[in-house]
Amino acid sequence: DQTMAELQRQLQDRDWQLEQQSQQWNRQQEASTKQLEAVQRELHKTKELLADKEREDRRLQEAHLKQLRDMEKEIFKKEDASSDLEKTIRDLENALENTKHELKTSQHDYHALKERAKDVAAELKERRAECR
């Protein structure tokens, strides 16, 4: 009888230990599951942040490329304007040289006409003197 009671008590103790171990294992399993879920949530948030960061990086790269293209266009416009100004300057220099040449020719013609007028005036003076 005592052995049977002792065996039953040992069996109950064993059942109680198994129940305690089972409960402890379940708690550990729940804690592990909660940790895993927390890590998964954190991973999901991190992936979302990474995706946002990648989108922002792409947006910034596109904005930078657009800015570079705009600057390049502006440089080309200024180069064209500079070329136009250089052509205008060359044209003006040529016009100035032509004007200087025309001025010299006009001065030469003026002096030639002035000399001719003096000669004609002298000749007229001589003819008048002869006529008197």
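**Figure 1. Whole chain and its helix.** A helix here is a DSSP run of H or I of at least four residues, and helices are numbered from the N terminus. The model shown is predicted. Its secondary structure comes to 1 helix and 0 strands. The radius of gyration is 56 Å, well over the 14 Å that the globule rule gives for 132 residues, so the chain is more spread out than a compact globule. Q10 has its place in helix α1. With a relative accessibility of 41%, Q10 counts as partly exposed. From C-alpha to C-alpha, Q10 and K47 lie 54 Å apart in space, and 37 residues separate them in sequence.

**Figure 2. E19 and E37.** Helix α1 also holds E19. The relative accessibility of E19 is 41%, so E19 counts as partly exposed, a class that lies between the limits of 20% and 50%. The C-alpha atoms of E19 and E37 are 26 Å apart, for a sequence separation of 18 residues.

**Figure 3. The salt bridge between D57 and K53.** D57 and K53 form a salt bridge in which the closest N and O atoms are 3.6 Å apart. Both residues belong to helix α1 and are 4 residues apart, about one turn of the helix. D57 is partly exposed, at 31% relative accessibility. K53 is partly exposed too, at 48%. Elsewhere, salt bridges that share partners join E6, R9 and D13 into one network. The structure holds 10 salt bridges.

**Figure 4. The salt bridges of R9 with E6 and D13.** The side chain of R9 meets that of E6 in a salt bridge, with an N to O distance of 2.7 Å. R9 and E6 are 3 residues apart in helix α1, so about one helical turn separates them. A salt bridge also links the side chains of R9 and D13, again with 2.7 Å from N to O. D13 and R9 are 4 residues apart in helix α1, which puts about one helical turn between them. Each member of this group is partly exposed: R9 has a relative accessibility of 40%, E6 has 34%, and D13 has 36%.

**Figure 5. The nonpolar surface patch around M71.** L65, L68 and M71 make a nonpolar surface patch of about 270 Å². M71 is found in helix α1, which covers residues 2-131. The relative accessible area of M71 is 47%, so M71 is partly exposed.

Figure 6. How many of the 132 residues count as buried? The share is 0%, where buried means under 20% relative accessible area. The chain exposes about 12,900 Å², and carbon and sulfur atoms supply 54% of this area. There are 27 positive and 31 negative side chains in the chain. The centres of these two sets lie 9 Å apart.

Notes. Residues are numbered from 1 along each chain as its sequence is written. This is a predicted model: local features need pLDDT of at least 70, side-chain atom pairs count only at pLDDT 80 or more; totals for chains, interfaces and linings use all residues. Side-chain values use heavy atoms; hydrogens and water are left out. Patches are made of residues with over 30% relative accessible area and no salt bridge: like charges are joined within 9 Å, nonpolar side chains (Val, Leu, Ile, Met, Phe, Trp, Tyr) within 5 Å. Accessible areas come from the Shrake-Rupley method with a 1.4 Å probe; for residues, only the protein chains shown count as cover. A salt bridge is a side-chain nitrogen of Lys or Arg within 4 Å of a carboxyl oxygen of Asp or Glu. Helices (H or I, at least four residues) and strands (E, at least two) are DSSP runs, numbered from the N terminus. Buried means under 20% relative accessible area, exposed over 50%, partly exposed in between (1.4 Å probe, protein chains only). The radius of gyration is taken over C-alpha atoms; the globule rule is 2.2 Å times the number of residues to the power 0.38. Lys and Arg count as positive and Asp and Glu as negative; His and the chain ends are not counted. The place of a charge is taken as NZ of Lys, CZ of Arg, CG of Asp or CD of Glu.
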